[in-house]
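User: I would like to learn how to read a few structural features. Please take me through them one at a time.

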Amino acid sequence: MFYRSCLFCVLLCSIVFANDKAYHYTVDLRNVKDDKLQVSLIPPQIEKADALFRFPAIIPGTYSIYNFGRFISEFTVLDNAGNVIQTERVDVNTWKIPDPGKIQKIIYRVEDSWDTDKKESFVFEPGGTNIQQDTNFVINTHGFFGYFDGYKRNPFQLEFMKPLNFYGSTALIADKSSSSSETYTAGDYMRLVDSPVMFCVPDTTTFIVGGAKILVSVYSPKNKNYAKAIEANLKATLNAQKDYLGGKLPIDKYAFIIYLFNRSSGGSGSYGALEHSYSSFYYMPDMDPKLIGQNIRDFAAHEFFHIITPLSIHSEEIGNFDYNDPKASKHLWLYEGVTEYFAGHVQVKQGLTKLDDYIDLIHEKIEGKAAYIDTLPFTRMSSGCLDIYKDQYDNVYQKGALIGLCLDIKLRALSDGKYSLQNLMSDLSKTYGINRSFKDDELFGKIVKHTYPEIGYFLNRYVSGSNPLPLTEVLSLVGITYKETGTMRGISPLGGITPSYNMETGRFYINEASYKDINDFGKSIGLNIGDEIYKFNGKKLTLLSVEKVWGKYFTEVKEGDILKMVVYRVDDKGVKRKLKLKTKVIETDYMVKNVLTVNPNPDAGQLTIRKAWLGIN
């Protein structure tokens, strides 16, 4: 009798849960089988005749179709009596469930993406999932939790049963937390997908910046304590960003979630970060804490600014993101371009870097955009970035940043230094905000209402139009001369060559396009097209060592030094051989592209705008 009463209570509770509006998810991190985790769901009340249960094909910030449903197996739906309800798998991400009112529970298993055998469309690790029993769990929520079509706005409750001493690092606030479990609630599916969680034995620290609680959480396979060292590197940047944004941040909590991997591992062969509105997830090689801190700071300068856009400024395509049939917004120049511009500009404006270094950054952006179609209207590229213009997407970090630069300088020039791109973003945040999206076609008009007719002309001609950016004209407003080509005499460290990187071999190599710029010093080295650089002045050259090896050489090289290289070269018979190259460094006359020169004696108007723009003369 007692047993039957308890069973009745369990079923009654299940029915109550099923009839409320929330999704109730449970994951037991202590029970890993075949490198998979079981997920169970007590769903909200579904009123549609045939319900579609989905996993995302794509998520915001990635711009690639990943189809997370392919990592789901043993998908089972049970009614109140424990009977299996037959389902139809409509596509890789979708299950059709007839008569959803009878659903009591959904159970399925999740395979992680980091070490999957499914190599097609490999998910770049910051957007993927990791299951390491009793060690580490990366819960990018879009890889674990699905939703019913038409019910994305319902709240989601997540309960994680966890190993002893584990801690969940996330921007979500825990409803309940104990030594054995943690429970979180997200207001809707958009907030859920925006909130990764990492479980492991904690290496964490927290501090306050601009009224926001900042969490730094690190997993290291070496079990070292990195969080405090990373905090020290982040504080200066975050405080600068806080001052840049007016002294207070528009968030209450932000999480830096950092996974460090062994240098020999990593499915993608790369590293990086994925931004979210209240957090960012970093996948980095395990190295010296100072180097890790610097790398995180460089990434964070960009990722952290996403608390402005798309959190407070976003189009309907993002505000009501379609995870299975996405429509791209026209305004990547705003989401990624302006964010990238702010990431560089904040550092010079707040005194974290010198003017010369900032000019070098502008030069890099100008050089970088040359790899893309300059006459392609940026709004058209943005709306087609998922398919037809996918190969042009990375221009958001090059030309997109330069669009931000031009807008900022023009706004300051039109207002005699009183109004900036920062002011515009603040005004747009007040016009829209977290819960209000703009229509793609109305944005330019709203910007003009906040600014000047000339800004509308700029946007229509250079952002939605096919005209190259007026860099010469705009930079002259702050006393910087820009020329597309020029001649200099000095040491060109690699003889005019800019090597590319081969992901398959893990080496830098000489491509045909770069070889066309070779000068006399470059010819004396003896490099050929296709050569892969193995050693540079006695040091192995890899993606992880390049910053240290080339950084030292580029800053210290002088005429008369001996340059030595070991390269791999394919001979006439197709055999790859190792060759030693050696030459003496000499000065040469060489052509340079995109010459930027700061006028040390700007006129009064240029000085006013430059000071407003950079905070320095």
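**Salt bridges, helix pairs and one glycine**

Analyst: Start with glutamate 316, which counts as partly exposed at 39% relative accessibility. Buried means under 20% relative accessible area, exposed over 50%, and partly exposed in between (1.4 Å probe, protein chains only). This is a predicted model: local features need pLDDT of at least 70, side-chain atom pairs count only at pLDDT 80 or more, and totals for chains, interfaces and linings use all residues. Residues are numbered from 1 along each chain as its sequence is written, and side-chain values use heavy atoms, with hydrogens and water left out.

User: Which residue meets glutamate 316 in a salt bridge?

Analyst: A salt bridge is a side-chain nitrogen of Lys or Arg within 4 Å of a carboxyl oxygen of Asp or Glu. Here the partner is lysine 439, at 3.1 Å from N to O. The pair links distant parts of the chain, 123 residues apart. Lysine 439 sits in the loop between α10 (421-431) and α11 (443-450), glutamate 316 in helix α5 (residues 316-319). Helices (H or I, at least four residues) and strands (E, at least two) are DSSP runs, numbered from the N terminus. Lysine 439 is partly exposed, at 47% relative accessible area.

User: Which residue forms a salt bridge with lysine 330?

Analyst: Aspartate 441, with N and O 2.5 Å apart. Lysine 330 lies in the loop between α5 and α6 (332-349) and aspartate 441 in the loop between α10 and α11, so the pair ties together parts 111 residues apart in sequence. Lysine 330 is partly exposed at 30%. Aspartate 441 is exposed at 65%.

User: How many salt bridges does the structure hold?

Analyst: It holds 24. One of them joins lysine 102 to aspartate 99, with the closest N and O atoms 3.4 Å apart. Aspartate 99 is partly exposed, at 40% relative accessibility. Salt bridges also link Lys228, Glu231 and Lys235 in a network.

User: Now helix packing. How do α11 and α12 cross?

Analyst: Two packed helices are described by the angle between their axes and the distance between the axes. Axes are lines fitted to C-alpha atoms, for helices over the stretch in contact, and angles run from 0 to 180 degrees between N-to-C directions. The axes of α11 and helix α12 (residues 453-463) come within 7 Å and cross at roughly 150°. That makes the two roughly antiparallel, a label for angles over 145 degrees.

User: Which residues of α11 meet α12?

Analyst: Contact means heavy atoms within 4.5 Å. Phe444, Ile447 and Val448 in α11 meet α12 residues including Pro453, Ile455 and Leu459.

User: How do α6 and α7 cross?

Analyst: The axes of α6 and helix α7 (residues 355-369) come within 9 Å and cross at roughly 165°. They are therefore roughly antiparallel. This crossing is left-handed. From α6 come Glu340, Tyr341, Gly344, His345 and Val348; from α7, Leu355, Tyr358, Leu361 and Lys365.

User: Last one. Is glycine 210 buried or exposed?

Analyst: Glycine 210 is buried, with a relative accessible area of 16%. Its place is the loop between β17 (204-209) and β18 (212-219). Leaving aside neighbours within four places in sequence, glycine 210 contacts Lys242, Gly247, Lys248 and Leu249. Its C-alpha atom is 45 Å from that of alanine 51, 159 residues apart along the chain.

Terms used. Parallel < 35°, antiparallel > 145°, perpendicular 65-115°, else oblique. Left-handed = near helix turned anticlockwise from the far one by under 90°.
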